[in-house]
Amino acid sequence: MTKTLPAVLAVLFGLVVIWFLAVAPMNIRVALDVADRAGETVVPVKSLDRRDTSVWVLMANNAAFVADGYNLKRPRLPTPTQVGQELWKSTGAMVLKGRTWSKRSLIFHGWVTLRSTLWGFFLGTTTGILLAVAIVYSRAAEMSLMPWAVISQAVPIVALAPMIIVLSSQIGVEGRGFPKAVISAYLCFFPVLVGMVKGLRSPTSEQLDLLKTYSSSGMQGFLKLHVPASIPYLFTSLKVGIAAALVGAIVGELPTGAISGLGARILIGDQFGTPLAIWSALFAAAILAGALVTLLDRTQAIVLRKMGMRA
Amino acid sequence: MNWLILAGVFWAAAFITNIVLANSRWSHTTLVRLTIPVLFGVTILVIWEALVHAFGISAAILPAPSDVGATFMNSTDMLWEDFRQTVLKGALRGYVIGAVAALVTAVLIDRSPFLTQGLLPIGNFVAALPIVGVAPILVSWFGFDWHSKAAVVVIMVFFPILVNTVQGLREADAMQRDLMKTYASSYMQTLIKLRFPAALPFVFNGLKIAATLALIGAIVAEYFGSPTRGMGFRISTGVGSLSIDLVWAEIAVAAMAGTAFYGVVAWIEKKVTYWHPSQRG
């Protein structure tokens, strides 16, 4: 940890520098259009001519306006500071003003997405564990389910998302939470299934033999050997699963015209042409993903230590 | 009611057949290995068909598989056009560009242990992020046609392949590297003859993950704007105009394309890394 941290920070710093440098060529056209409309003289004068000129030539000829690209209201590529300010404006500043649950607050939208993610995570994990037990204990289940489980992940879930929403509203499930949770669960169950099958099969033949000499029943063997042995595998796949569940919740919001949730913020930002809203929602999603994975990682460390598995 | 009885009988028969087959002494033959999952899939279709007829579910909500099949056969031209736009132009090109970029980056980074150390955690983190969210940004940068779809796919597949390749390149152990040194082999020779082959199982792991992501990226990007063709376009307009059977036909195409894509990558993996323990089973 102490050795990798400086390396990680250095790479992060490098990425931010590249981002900053990229802003100038990405935004020069927008900056020139804004300056042109404000009555400044830019080279070339006509916007049609500008479209045919490369960004590098534009930057060389209009050096005075390059800096404007870093302070646009609707940039093609916002600067890291702009994104940071927007994030703060829609989270921390809202809390300070006592409007945490306002419709403009990313905490509200993050909570909506988080709720679907957790429901989907719960559904998907349960499904994954149950299927894994079935697969480990029944050959017929393994042979019929396993190929379909693999195929299910090759099917692009986004294609199914609109249908899941149509179906669930017809069955009479109100609200958008349920279809989003189903999509999350669909992405989340597979890593859990694969991890648990591996984990439940991880006891060695010596360990199995030992239980036999104790004349333990099948149930005892399952509870006292197979389940504990599968816990490290379970946590590893839970970490993959929760990230997948978050992806599912956001994907579930994108094509469906949802109005709340981080995915909906991205959608609305796209429709209203406010790139800063898209970028801040993206970063909020990244922070949420990081927090969820870290939380599971800590839980894993504590649980495994309590079980006496890792010093 | 008849439909329900039929479905029940079919389900019971398939259930018993599968159990008998799986526990029979032919359970390891290829024929049985194929029959069991196929029977499972057919059973689901039969139950679906029966439920739709038994409860008279409107085709605007859930069409029967037979209707979807009929629509599929009637609109193969349109489906092919969409397939070409989304899969061949968007997903496949993006996948190839992203994979090549990730492999090259991995080899370059690998020369510096410091960079590798810094990039692995970041790459792992980014690979877990909901990157599909960048789709609207890229559509506004690269326009409505396949370029923006390919760009989304490039970003989505880049990190899983990069992380796996970087990890794979560390796979060759010290003994093997020492051996190459005693042969006085150059950096390139060691890379091509030892380290890259040793990394292949990891590379293919990344390629397989990326294969499933590529189609998702291409379809999502079409929800944010596309020319009047493409699978994502057809699905979103199909839901709006209640031509649900066409939507299901597109889903079937997407499912087949996704499975075939994954299958091809897995098949190449089997041919190329036949020596690895996981393939010898």
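Colleague: What makes helix 11 of chain A count as hardly covered?

Modeller: Helix 11 (residues 205–213) of chain A has nine residues, and the count of buried residues among them is zero. A residue is buried if 20 or more other C-beta atoms lie within 10 Å of its own, exposed if 12 or fewer, and partly exposed in between, with C-beta atoms placed from the backbone. Helices (H or I, at least four residues) and strands (E, at least two) are DSSP runs, numbered from the N terminus.

Colleague: What kind of model is this, and how are residues, chains and ligands numbered or lettered?

Modeller: This is a predicted model, in which local features need pLDDT of at least 70 and side-chain atom pairs count only at pLDDT 80 or more, while totals for chains, interfaces and linings use all residues. Residues are numbered from 1 along each chain as its sequence is written, and chains are lettered from A and ligands numbered from 1 in the order in which they are written.

Colleague: Why is Ser215(A) called exposed?

Modeller: Ser215(A) has 7 C-beta neighbours inside 10 Å, so it counts as exposed. Ser215(A) lies in the loop between helix 11 and helix 12 of chain A.

Colleague: Which loop of chain B holds Ala184(B), and what is its phi?

Modeller: Ala184(B) is in the loop between helix 8 (174–182) and helix 9 (187–223) of chain B. The phi of Ala184(B) is near 55°, again positive and not in a glycine. Ala184(B) counts as exposed because it has 7 C-beta neighbours inside 10 Å.

Colleague: How do you know whether Val68(B) is buried or exposed?

Modeller: Val68(B) has 23 other C-beta atoms within 10 Å, so it is buried. Val68(B) sits in helix 3 (residues 65–74) of chain B. Leaving aside neighbours within four places in sequence, Val68(B) is in contact (C-beta atoms, placed from the backbone, within 7 Å) with residues including Pro63(B), Trp248(B) and Ala252(B).

Colleague: Why are helix 5 and helix 14 of chain A called roughly perpendicular?

Modeller: Helix 5 (residues 80–90) of chain A packs against helix 14 of chain A at an angle of about 75°, with axes 9 Å apart. Angles under 35 degrees count as roughly parallel, over 145 as roughly antiparallel, 65 to 115 as roughly perpendicular and the rest as oblique. Helix 5 and helix 14 of chain A are therefore roughly perpendicular. Axes are lines fitted to C-alpha atoms, for helices over the stretch in contact, and angles run from 0 to 180 degrees between N-to-C directions.

Colleague: Which residues meet there?

Modeller: Among them, Val83(A) and Leu87(A) are in helix 5 of chain A, and Trp279(A) and Phe283(A) are in helix 14 of chain A. The residues of this contact divide into six nonpolar, three polar and one charged. Ala, Val, Leu, Ile, Met, Phe, Trp, Tyr, Cys and Pro count as nonpolar, Asp, Glu, Lys and Arg as charged, and the others, Gly among them, as polar.

Colleague: How many residues of chain A are in contact with chain B?

Modeller: 44 residues of chain A are in contact with 48 residues of chain B. The chain A side has 36 nonpolar, five polar and three charged residues.

Terms used. Contact = placed C-beta atoms within 7 Å.
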